[in-house]
Amino acid sequence: MKRLMVIDSLNLFIRNYVVSPVTSTNGQPIGGVIGYLRSLQKYIREIKPDEIVIVWDGPGGSRKKKSIIENYKDGRKPIRLNRNVKMLSDDQEIENKIWQQLRLTEYLNNFPVIQFLEPEIEADDLIAFVTQCAKYRDWNKVIVSSDKDFIQLCNDTTVLFRPIQNQILTWKSVVEEYGIHPNNFALARAMAGDKSDNIEGVAGIGLKTVSKNLPFLKESKSYFVEDLKDAALKKQQEGVKSKFFQNVLDSIDLIHRNYRGMQLYSPNISVQVAQKTRQTLKNYKYELNITETQKMLLTDGAGQANFEEMYTRFKRIVVENK
């Protein structure tokens, strides 16, 4: 089977930007760019993809999710370099971060990879859409991200690689680890909430309590909010006194709201964006420009960086997609 690698690009960039100590010959931080490219080379070596899709969060975040969940992702702390010695002022650091991210997209434009960025659409929804596209129906899909949201997409042909955790999740390993099937993972998280995205969950409920009290969620059958309500009412009718089920009933509107905003089974993208994405995947011209990449590395003071292993795989991708 052919293999598609789909990268949650901002997730990977931020991780390298924060932790990679690489500086250019003029002393400016460039770890977000070089660290990202080194990570990309490593994943290409390990995953051996036949195609690569790179997806960025669109400017403005997800307008649709913000309309569903009030204060979605509000209150996040600014991203800062993880350095003992502060080289730049706060303003210079912000300017450098923006430059690195824009510069990285220019590097990636030299490679036979497909980049997506749509205003007011999160990478999550575009990644979900890409993995569900008919073009890749019979392909193995590897999603590269540390975000737990993608667990719900794991199935017979899709796995999640979480680099920070050095963990590969299949639908079977998800059931073993969490006691919840990926088909029902968004429902479980709708109850548990997500502090990182400022999504309030049901009081006293986490993934472990969900698995313990709702064992049917480990089944491959997809369950929905109404099924939770029915299960809780049934327990009460049976005379079971449970704070868990009472909290579920008291918070059913919250769970429904969270599920609408968190589920990726039906991505939150417009018909126009869906059509545009399909056309890009169908008609993309695979090209590799090593000369321009080397010129950029020299200009950016990173001429010693070696990406020959990555170039070799890229050449193969170009040839196979002629």
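Phe-13, Tyr-17, Tyr-36 and Trp-56 are tied into a cluster by ring pairs. A pair here means that the centres of two rings of Phe, Tyr or Trp (its six-membered ring) lie within 6.5 Å; planes under 30 degrees apart count as stacked, over 60 as edge-to-face, and the rest as tilted. By that rule, the count comes to 11 aromatic pairs. One of them joins Tyr-284 and Tyr-286, an edge-to-face pair with 4.8 Å from centre to centre and 85 degrees between the planes. Tyr-286 is buried at 9% relative accessible area, while Tyr-284 is partly exposed at 24%. For those words, buried is under 20% relative accessible area, exposed is over 50%, and partly exposed is in between (1.4 Å probe, protein chains only).

Before going on, a word on the model: it's a predicted one, where local features need pLDDT of at least 70 and side-chain atom pairs count only at pLDDT 80 or more, while totals for chains, interfaces and linings use all residues. Residues are numbered from 1 along each chain as its sequence is written, and side-chain values use heavy atoms, with hydrogens and water left out.

Now back to Phe-13 and Tyr-17. Both are among the buried residues of helix α1 (residues 9–19), a list that also has Ser-9, Leu-12, Ile-14, Asn-16 and Val-18. An α-helix has 3.6 residues a turn, so residues three or four places apart point the same way. What do the buried residues of α1 pack against? Their partners are the strands β1 (3–8) and β2 (51–55), plus the helices α2 (31–47) and α4 (90–108). Contact, by the way, means heavy atoms within 4.5 Å. Helices (H or I, at least four residues) and strands (E, at least two) are DSSP runs, numbered from the N terminus.

Between α2 and β2 there's a loop, and Lys-48 is found in it. Lys-48 isn't a glycine, yet it has a positive phi of about 55 degrees. Its relative accessible area is 46%, so Lys-48 is partly exposed. Glu-120 also has a positive phi, about 60 degrees, without being a glycine. Look for Glu-120 in the loop between β3 (114–116) and α5 (123–132); at 38% relative accessibility, Glu-120 counts as partly exposed.

Another loop to visit runs between β4 (140–144) and β5 (158–162), and Asp-149 is found there. Is Asp-149 buried or exposed? It is buried, with a relative accessible area of 7%. Leaving aside residues up to four places away in sequence, Asp-149 touches Asp-124, Arg-189, Asp-194, Asp-197 and Leu-264. Take Leu-264: it is 115 residues from Asp-149 in sequence, but the two are 8.0 Å apart in space, C-alpha to C-alpha.

Let's step back to the whole chain. It has 14 helices and 6 strands, and of its 322 residues, 50% count as buried. Among contacts between residues at least 6 apart in sequence, 73% join residues at least 24 apart. The C-alpha trace spans about 75 × 45 × 35 Å along its principal axes.
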